[in-house]
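This briefing sets out selected structural features of the model shown below. Please consult the sequence and structure alongside the text.

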Amino acid sequence: MAAMAALRREGRRFAAAAPNPISTVRSSLAPSEEHAVLGVRSISTQVVRNRMKSVKNIQKITKAMKMVAASKLRAIQTRAENSRGLWQPFTALLGDLPSVDVKKNVIVTVSSDKGLCGGINSTAVKISRALYKLNSGPEKESKYVILGEKAKAQLIRDSKKDIELSMIELQKNPLNYTQVSVLADDILKNVEFDALRIVFNKFLSVVSFIPTTATVLSPEIVEREAESGGKLGDLDLYEIEGAETKGEVLQNLAEFQFSCVLFNSVLENACSEQGARMSAMDSSSRNAGDMLDRLTLTYNRTRQASITTELIEIISGASALEG
Amino acid sequence: MFRHAPRLLSRASSSAMRWRRPFSTDLPAETPVDSKFVQTWRSTIPNIEPPKTPSAFMAPRPPTPPTIPSKLTINVVLPYNSIFSAKEVDMVIVPATTGQMGVLPGHVATIAELKPGVLSVHEGNDVTKYFVSGGFAFVHANSVADIVAVEAVPVDQFDQSLVQKGLAEFTQKLSSASTDVEKAEAQIGIDVHSAINAALTG
């Protein structure tokens, strides 16, 4: 098509050349120059090249983030696995009663502070909301205690009045039991509860994180369940060794249980966060790689097209001059 | 085309029969209470899978045997580590708030609160002593004892002089304490340090 336009232009030049060669040559030069200035004759690869550069940078960044998440996961995974024995004695003694019917539920949602970690925070919030709905009814109330920025952002939108306490920046210093026990103490002092339901993501493997809920009952409810029989029925068979009364020992037991279970759940959630971030960043770098391949093909096509255009112009110009 | 149909059908059905659940232990152990939770969940919230509960991740405990077993199984767990998990020993002596309590196989089921003191584990002729900072000890009817402590350190890793220094420091803090909280903290420090001292000397 460009060749035809060039030929037409040459035809016009020869038609005009007959009466006044010099002036027509000058005037015929002007239209072709005008054409060169008005239209973009050579196709530019700059746009595609810019896109390729930015996509490559994104790929490098996400690969680096994946490596960082992998190393953090290694560090925290051993600690989480070592802490798994901590809640088992309590569950062996007091059982696991997620279906307990109580008046005051407190849902402790454990989430991460930073984003780009896949869907774990959304699943934790979904399960928390579902537990809230499950435990709603006449004379029953549920409150939230939120650990972590991401769950706070999601829950504050529709459940602002139900949030009792929220804590962020848990992982500023490496997680340890002292910090978590202070946190547990804070929660126990400020929040009235009959049952605490901790919602977190349990770390099974690098690609699998299961939302889990652990239930800690207050001493009064433990006594009530023990009296009514069922799972906790044989709690009365246990002798209490302690200078204090049974109620006080049960109180200390409940508090200790809460801090232990919370410690394990915070560690497991941190592991899940790093694992989820690894897989999110991995799929992101893979996507960037695919995009880069497609852009490279486009780039080559564009480059070849512009070379072909130039060649056609040169050749048609040359053939017009000869013939 | 239809000549191959029977062969393909037989192959498909045999492969379906060949896929069996690999291990029977993979079946989730759902206790009656869990299934109640799962049922109420499924009826009110049909779209979301119910979350798992801790009992799904725990091996079930052995039932109470009819005769007293010969060995005691102990689990000593700390936040950072499990020192013993399902270890069979002859006796443990735990520092309960009422004093040193010896636990033998067949001990009555007990919940004991621990004060800072020495935990000694007797296995045959070996005695290993640990200083525990505090926690709880559960003895179950099936001769399984769980000891949950915040810190447990072998006694030989303590430096006597540092312990004396700490004791002096906390005694001084108690005398200069003004608020109840400070007094309580100083008292706790004194208790722990004097217990370590007693453990090292006694």
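Residues are called buried when their relative accessible area is under 20%, exposed when it is over 50%, and partly exposed in between (1.4 Å probe, protein chains only). The model is predicted: local features need pLDDT of at least 70 and side-chain atom pairs count only at pLDDT 80 or more, whereas totals for chains, interfaces and linings use all residues. Residues are numbered from 1 along each chain as its sequence is written, chains are lettered from A and ligands numbered from 1 in the order in which they are written, and side-chain values use heavy atoms, with hydrogens and water left out.

**Chain A: overall content**

- Nine helices and six strands occur in chain A; helices (H or I, at least four residues) and strands (E, at least two) are DSSP runs, numbered from the N terminus.
- Of the 323 residues in chain A, 43% are buried.
- Among the contacts in chain A with a separation of 6 or more, 76% come from residues 24 or more positions apart; contact means heavy atoms within 4.5 Å.

- Five strands of chain A form an open sheet with mixed pairing, in the order β3-β2-β1-β4-β5; two strands pair if DSSP finds at least two bridges between them.
- The edges are held by β3 (163–167) and β5 (208–217) of chain A; each has a single partner strand, so one side of each is left without a neighbour in the sheet.
- On average, neighbouring strands of this sheet are turned by 20° against each other, direction ignored.
- Strand β1 (residues 104–110) of chain A runs parallel to strand β4 (residues 195–205) of chain A and is joined to it by five bridges; A:N105 stands opposite A:A195 in β4(A).
- Helix α5 (residues 120–134) of chain A lies across β1, β2 (141–147), β4 and β5 of chain A, and runs at about 150° to β4(A). Axes are lines fitted to C-alpha atoms, for helices over the stretch in contact, and angles run from 0 to 180 degrees between N-to-C directions.

**Chain A: residue A:L250**

- A:L250 belongs to helix α9 of chain A and is buried, with a relative accessible area of 4%.
- Apart from its neighbours within four places in sequence, A:L250 is in contact with A:P219, A:V222 and A:E223.

**Salt bridges**

- Over all chains, the structure holds 17 salt bridges, each being a side-chain nitrogen of Lys or Arg within 4 Å of a carboxyl oxygen of Asp or Glu.
- A:R84 and A:E268 form one of them, at 2.7 Å from N to O. This pair links distant parts of the chain, 184 residues apart: A:R84 is in the loop between α3 (46–82) and α4 (88–94) of chain A, and A:E268 is in helix α9 (residues 246–322) of chain A.
- A:R84 is partly exposed, at 22% relative accessible area, whereas A:E268 is buried, at 0%.
- A network of salt bridges links A:K66, A:D282 and A:R286.
- In chain B, the side chains of B:K71 and B:D90 meet in a salt bridge of 3.2 Å, N to O. B:K71 lies in the loop between α2 (32–44) and β1 (72–77) of chain B and B:D90 in the loop between β2 (82–89) and β3 (91–96) of chain B, so the pair ties together parts that are 19 residues apart in sequence.
- B:K71 is partly exposed at 26% relative accessibility, and B:D90 is partly exposed at 27%.
- B:R42 and B:E49 also form a salt bridge, with the closest N and O atoms 3.8 Å apart; B:R42 is partly exposed at 46% relative accessible area, while B:E49 is exposed at 56%.

**Chain B: strand β1 and its partners**

- Six of the six residues of β1(B) are buried. B:L72, B:I74 and B:V76 point one way from the strand, and B:T73, B:N75 and B:V77 point the other way.
- β1(B) and β2(B) run antiparallel and are joined by five bridges; they form a hairpin with four residues between them.
- β1(B) also pairs with strand β9 (residues 144–149) of chain B, in the parallel sense, over five bridges.
- B:V76 stands opposite B:F84 in β2(B) and opposite B:I147 in β9(B).

**Chain B: helix α4**

- Helix α4 (residues 180–201) of chain B has 22 residues and reaches 31 Å from its first C-alpha to its last, close to the 32 Å expected at 1.5 Å a residue; the expected span is 1.5 Å times one less than the number of residues.
- Its buried residues are B:A186, B:G189, B:I190, B:H193, B:A195, B:I196, B:N197 and B:A199.
- The buried residues of α4(B) pack against β6 (117–123), β7 (126–132) and α3 (160–176) of chain B.
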